[in-house]
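Thanks, everyone. Let me put the model on the screen, and then we can walk around its ligand and its pockets.

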Amino acid sequence: MANNNLFTPLQIRGLELKNRIVVSPMQQYSATDGLVNNWHLVHLGSRAVGGAALIITEATAVSPRGMNTPNDTGIWNDEQVNAWKNVVQFVHEQGAKIAVQLWHSGAKGSHSHPRDGMKYISAENGGWLPKSASPIKLDDTYHSEALSVEEIADIRSSFVNAAMRAVTAGFDSIELHAGHGYLFHQFYSSYVNRRDDEYGGSFERRIGLLVETVKQIRQVIPEDMPLFVRISAVDYLEDDDAWRIEDSVKLSRILKENGVDVITASAGGFVFLDKSRVYPSYQVPFAEKIKSETGIITGAVGAITSPEQANEIITSNKADLAVIAREFLRDPYFPLRAAAKLEKDIPVPFQYKRAF
Ligand SMILES: Cc1cc2nc3c(=O)[nH]c(=O)nc-3n(C[C@H](O)[C@H](O)[C@H](O)COP(=O)(O)O)c2cc1C
């Protein structure tokens, strides 16, 4: 382990990653009817050309009501699966792997495109009243009412169906988005979960929806397909009810026992995070603690921007994967550049050989 570096392969069940660099999910707000198009092909495809081992798609809704904005991607029908196949095939042709991030936005549903200010769209204006663990209203933009137990079961089924569709589309892996203030997070954090039925109250009940979903997905996807879960390791709130890192360690241990292979440790999502709390590698300690206390494979994410920084996270064994978002928007070829900088010899697409 001591000699691991950013370009050491990693085997997770049947998936071999050629290095430790992962493209973090990034909503593109560019789909229509949940269908990926040429934008997604070029956007995800160019990061595959750029040498990332694994590309995780943007948050992809498991049902129409799971969407955050009308231009999110989806995977609840066959047409969407076929559109994804094209992207998956191109990524594979470049020697990279691709996972789909499955998601339900819960109380964060029914918002306009960022170009239109990401404002809440009420039912009168063509949107819907989102549903969540509890009738929360985080600020003026999020409204919701509580899901019934039957509706919760429907959502769980949507995740399971979406997982089966992901297998059909050819994805190498699935990541459940259980962070950033979206539905799973709305259940496990008692900051917003005020239920008093089997999905609220105790820690075990609040994580119940996520754990049940994981168990059911594990039953329908191939044994050799890894399952990732992205969590918010902390709520970044001082409130007594806030979710804390100790809760995340406990949750990660339970997820691991139920067949989850990788935890990506992100954070926050209910409140705006003060910029002073964001600095290089600011969330790495969450991945490190979860990894050291549970032994699960972890991805570190947040303000990782340089080859040396990403390499240090891996060589010092703080995390197993460097999950990078915005730096990949600046430079799709970050891995090729990182290899050159760190003097590692990795395959370069022949079309680009003269540049590296
Ligand atoms: C444009 C954009 C869209 C994002 N969309 C998602 C998303 O769909 N799912 C998700 O889990 N995180 C999403 N994120 C968060 C990133 O994956 C990442 O956790 C965050 O940007 C911190 O990493 P960075 O400092 O490398 O950008 C998004 C971030 C950006 C910049």
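I will start with the ligand and then turn to the pockets.

First, the ground rules. This is a predicted model, where local features need pLDDT of at least 70 and side-chain atom pairs count only at pLDDT 80 or more, while totals for chains, interfaces and linings use all residues. Residues are numbered from 1 along each chain as its sequence is written, and side-chain values use heavy atoms, with hydrogens and water left out.

Next, polar contacts, meaning pairs of N or O atoms within 3.5 Å. The side chain of Arg326 puts an N or O atom 2.5 Å from a ligand oxygen. A polar backbone atom of Ala325 is 2.9 Å from an oxygen of the ligand. For Ala59, a backbone N or O atom lies 3.0 Å from a ligand oxygen.

On to the pockets. A pocket is an open set of points on a 1 Å grid over the protein atoms alone, where a 1.4 Å probe fits, with protein on both sides within 12 Å along at least five of seven lines; lining residues have an atom within 4 Å of a point.

The ligand's space is the largest pocket; to sit there, more than half of a molecule's atoms must lie within 2 Å of the grid points. That pocket holds about 1400 Å³ of space. Its lining has 44 residues, and His180, Tyr182, Ser266, Ala267 and Tyr282 are the closest to its centre. Which element gives the most to this lining? Helix 10 does, with four residues. Helices are DSSP runs (H or I) of at least four residues.

Last, the second largest pocket. About 250 Å³ of space lies there. Its lining has 14 residues, with Arg65, His104, Lys131, Leu147 and Ile155 nearest the centre. Helix 3, residues 149-169, supplies the largest share, four residues.

Methods: A polar contact is a pair of N or O atoms within 3.5 Å; within protein, one must be able to donate a hydrogen and the other to accept it, and residues adjacent in sequence count only if both atoms are side-chain atoms. Grid points are joined across faces, edges and corners, and a volume is the space filled by probe spheres set on the points. Helices (H or I, at least four residues) and strands (E, at least two) are DSSP runs, numbered from the N terminus.
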